[in-house]
Amino acid sequence: MTNRTRSPITQLHDEKTEAKRLGFSVRSFQAWRLRGGGPPFFKLGASVRYDPALTDEWLNDHIRANTSGAAA
């Protein structure tokens with residue numbers, strides 16, 4: 001993922017909404033934030049929010065053709 005200027009964000013999701021949208025548990029999102037390696041997120045005070053477009057980019061970056069770990 002690269003840093004770049006983004007257009008205004010119209011909707012951010014909380015972790016519950018984003019986890020449900022992708023079929024992951026909320027605990028997975030919490031673990032990724034703690035350990036790193038998960039989708040990018042915004043920390044706004046005590047709130048954590050996800051931009052669905054950035055989460056989709058992160059997910060697409062993890063497409064694999066086999067279990068060797070090589071990217072497709």
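Mentor: A residue is called buried when its relative accessible area is under 20%, exposed when that area is over 50%, and partly exposed in between. The model discussed here is predicted.

Trainee: Is Leu-54 buried or exposed?

Mentor: Leu-54 belongs to helix 3. Its relative accessible area is 9%, and the limit for burial is under 20%. Leu-54 is therefore buried.

Trainee: How far apart in space are Leu-54 and Pro-40, C-alpha to C-alpha?

Mentor: Along the sequence, 14 residues separate Leu-54 from Pro-40. In space, the distance between their C-alpha atoms is 6.7 Å.

Trainee: In what order do the elements of the protein chain run from the N terminus on?

Mentor: The protein chain has three helices and two strands. Read from the N terminus, their order is α-α-β-β-α.

Trainee: What percentage of the contacts between residues at least 6 apart in sequence join residues at least 24 apart?

Mentor: The protein chain comprises 72 residues, of which 19% are buried. For contacts between residues at least 6 apart in sequence, the share that joins residues at least 24 apart is 50%.

Trainee: Is Glu-18 buried or exposed?

Mentor: Glu-18 is part of helix 1, which spans residues 15-22. Its relative accessibility is 0%, to be set against the limit of under 20%. Glu-18 therefore counts as buried.

Trainee: Which side chain makes a polar contact of 2.9 Å with that of Glu-18?

Mentor: Beyond four places in sequence, Glu-18 touches His-13, Phe-29, Tyr-50, Asp-51, Pro-52 and Thr-55. Within helix 1, where Arg-21 also lies, the side chain of Glu-18 makes a polar contact of 2.8 Å with the side chain of Arg-21. The polar contact of 2.9 Å joins the side chain of Glu-18 to that of Thr-55.

Trainee: How far apart are the C-alpha atoms of Arg-21 and Pro-52?

Mentor: Pro-52 is among the residues in contact with Arg-21. The two are 31 residues apart along the chain, and their C-alpha atoms are separated by 9.1 Å.

Trainee: How many nonpolar residues does the contact of helix 1 with helix 3 contain?

Mentor: Helix 1 crosses helix 3 in a right-handed sense. On the side of helix 1, the meeting residues are Glu-18, Arg-21 and Leu-22, and on the side of helix 3 they are Pro-52, Thr-55, Asp-56 and Leu-59. By class, three of the contact residues are charged, one is polar, and the number of nonpolar residues is three.

Trainee: Are helix 1 and helix 2 roughly parallel or roughly perpendicular?

Mentor: Helix 2 spans residues 26-35, and helix 1 packs with it at an angle of about 115 degrees, with 8 Å between the axes. The range from 65 to 115 degrees sets the class. The two helices are therefore roughly perpendicular.

Trainee: Which residues of helix 2 make the contact with helix 1?

Mentor: The crossing of helix 1 past helix 2 is right-handed. Helix 1 contributes Glu-15, Lys-16, Glu-18, Ala-19 and Leu-22, and helix 2 contributes Val-26, Phe-29, Gln-30 and Arg-33.

Trainee: Is Glu-15 buried or exposed?

Mentor: Glu-15 is placed in helix 1. Beyond four places in sequence, Glu-15 is in contact with Val-26, Gln-30, Arg-33, Val-48 and Tyr-50. Because its relative accessible area is 18%, Glu-15 is buried.

Trainee: What is the relative accessible area of Phe-24?

Mentor: Phe-24 sits in the loop between helix 1 and helix 2. Residues up to four places away not being counted, Phe-24 touches Ala-19, Phe-29 and Trp-32. Phe-24 is partly exposed, because its relative accessible area is 33%.

Conventions:
Residues are numbered from 1 along each chain as its sequence is written. This is a predicted model: local features need pLDDT of at least 70, side-chain atom pairs count only at pLDDT 80 or more; totals for chains, interfaces and linings use all residues. Side-chain values use heavy atoms; hydrogens and water are left out. Helices (H or I, at least four residues) and strands (E, at least two) are DSSP runs, numbered from the N terminus. Buried means under 20% relative accessible area, exposed over 50%, partly exposed in between (1.4 Å probe, protein chains only). A polar contact is a pair of N or O atoms within 3.5 Å; within protein, one must be able to donate a hydrogen and the other to accept it, and residues adjacent in sequence count only if both atoms are side-chain atoms. Contact means heavy atoms within 4.5 Å. A crossing is left-handed if the near helix is turned anticlockwise from the far one by less than a right angle, and right-handed if clockwise. Ala, Val, Leu, Ile, Met, Phe, Trp, Tyr, Cys and Pro count as nonpolar, Asp, Glu, Lys and Arg as charged, and the others, Gly among them, as polar. Axes are lines fitted to C-alpha atoms, for helices over the stretch in contact, and angles run from 0 to 180 degrees between N-to-C directions. Angles under 35 degrees count as roughly parallel, over 145 as roughly antiparallel, 65 to 115 as roughly perpendicular and the rest as oblique.
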